[in-house]
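Welcome to a short tour of a protein model with two chains. Please keep the sequence and the 3D view open while you read.

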Amino acid sequence: MRVSATYDAVHSPVMTMGMTIAVDVDLLRQHRLGLLAEADEIERRACLDPPDAGALTGVTADTLEHLSSRAGRLAAHLRELADALDRWLSVAHASDGEVGLGLDLLTSGVLAL
Amino acid sequence: MRRVASEPLTAVGKSIDVEVRPDPTSCSLTATQLATLAEACERSQAMLSSHARMEEEQLGGLSGIVYRHSSTLLTQAAERTGRRSRRLAEGLAAYAQGITEVQRLMDDAVAGASPYLMVGGGRIWSPAEPAGPDDTRLTPAWTAWRDAVDRWRAARALEEETSQAWLRVVDRGVVIDEVEPPLLDLPLDGTVR
């Protein structure tokens, strides 16, 4: 279901300064889930079996280990961004009554995670 | 390694090592895994790239700027990791293919030598050199030995070439920029970090 989802929100304390932002909460929720799914997939695919490459077995294993670590860090960053989205939604919820009400209605599934 | 069925001619001490140590099957398997990892990174790259193009109307303000920036950095990280995986996948697949050909050449050397020469323990042993072309006992063995040596040289040259190509792929990764992107938290437009 795609909820209308675009809200003009005024946040406190900057709310008092008149700052307005638009938030497509439903889309952000999809982004978060997408990030987590991709993180899982990359982490799963980063498990590489070091081959028997004769005299080059050691250097090959080191290279693969390096790549696996790198992919693992990428997956961790994807999760960090997903968590950041989650935190952002939570804080937005707490920071403004009107926006909070909207977020609560639209993102209860996300906030409950 | 096959052992000659009939009694081999005298081995005089020279031998060639016909064992191929790398296992091309395991290399191919890992190359496939690397290609799969590359595909996963490429899918993530596409997704993150779309996140980075999120409209101001979908997430505005400083939060939107930071989110798009973080998504852009992660897009680049996914692209680099995917590219590296892809290059290693292709390099390792080429290595496996080369080693398979090396193994074929060595098998040919052994097959040609087995009827005439002592073959065992991963080696082909040389016969005594015939005194002259009229030596009907040693000349065929000597010819087989020389053929085996030629095939062995071709196989080892290909193995060296294949190994160097793989090492170039591996070495290239060392100089790749390994800087990871800083991941920024999403601010609530200057108030919450």
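A residue is called buried if 20 or more other C-beta atoms lie within 10 Å of its own, exposed if 12 or fewer do, and partly exposed in between, with the C-beta atoms placed from the backbone. With 13 C-beta neighbours inside 10 Å, K14(B) therefore counts as partly exposed.

Before going on, a word about the model and its labels. This is a predicted model, in which local features need pLDDT of at least 70 and side-chain atom pairs count only at pLDDT 80 or more, while totals for chains, interfaces and linings use all residues. Residues are numbered from 1 along each chain as its sequence is written, and chains are lettered from A and ligands numbered from 1 in the order in which they are written.

**The two chains**

Helices (H or I, at least four residues) and strands (E, at least two) are DSSP runs, numbered from the N terminus. Two residues are in contact if their C-beta atoms, placed from the backbone, lie within 7 Å. With these terms, the chains can be set side by side.

| Item | Chain A | Chain B |
|---|---|---|
| Helices and strands | three helices and two strands | three helices and three strands |
| Order of elements | β-β-α-α-α | β-α-α-β-β-α |
| Residues in the chain and buried share | 113 residues, 40% buried | 193 residues, 40% buried |
| Share of contacts between residues at least 6 apart in sequence that join residues at least 24 apart | 55% | 83% |

**Inside chain B**

Let us return to K14(B), which lies in strand β1 (residues 11-17) of chain B. How far apart in sequence are K14(B) and W125(B)? They are separated by 111 residues along the chain, yet their C-alpha atoms are 5.8 Å apart in space.

Strand β3 of chain B spans residues 123-127, and four of its five residues are buried. Two strands pair if DSSP finds at least two bridges between them. Strand β2 (residues 119-120) of chain B pairs with β3(B) over two bridges, in the antiparallel sense. G120(B) stands opposite R123(B) of β3(B). The strands β2(B) and β3(B) form a hairpin with two residues between them, and G121(B) in the turn has a positive phi of about 60°.

Next come two helices of chain B. Helix axes are lines fitted to C-alpha atoms over the stretch in contact, and angles run from 0 to 180 degrees between N-to-C directions. The axes of α1(B) and helix α2 (residues 61-113) of chain B come within 7 Å and cross at roughly 160°. That makes α1(B) roughly antiparallel to α2(B); angles under 35 degrees count as roughly parallel, over 145 as roughly antiparallel, 65 to 115 as roughly perpendicular and the rest as oblique. The crossing of α1(B) with α2(B) is left-handed, a word used if the near helix is turned anticlockwise from the far one by less than a right angle, with right-handed used if clockwise.

For residue types, Ala, Val, Leu, Ile, Met, Phe, Trp, Tyr, Cys and Pro count as nonpolar, Asp, Glu, Lys and Arg as charged, and the others, Gly among them, as polar. The contact of α1(B) with α2(B) holds 19 nonpolar, 14 polar and four charged residues.

**Where the chains meet**

The contact takes 45 residues from chain A and 46 residues from chain B. On the side of chain A that touches chain B, the elements giving two or more residues are β2 (20-24), α1 and α2 (57-95) of chain A. The largest share of that side, 18 residues, comes from α2(A). By type, the side of chain A that touches chain B divides into 27 nonpolar, nine polar and nine charged residues.

Helix α1 (residues 25-45) of chain A packs against helix α1 (residues 24-52) of chain B at an angle of about 165°, with axes 9 Å apart. The helices α1(A) and α1(B) are therefore roughly antiparallel to each other, and α1(A) passes α1(B) in a left-handed crossing. Among the residues that meet here are H31(A), G34(A) and I42(A) in α1(A), and L37(B), A40(B) and M47(B) in α1(B). The residues of this contact divide into five nonpolar, five polar and four charged.

A loop takes part too. D52(A) is found in the loop between α1 and α2 of chain A. Leaving out residues up to four places away in sequence, D52(A) touches T57(A), P22(B), D23(B) and S26(B). Is D52(A) buried or partly exposed? D52(A) is partly exposed, because 17 other C-beta atoms lie within 10 Å.
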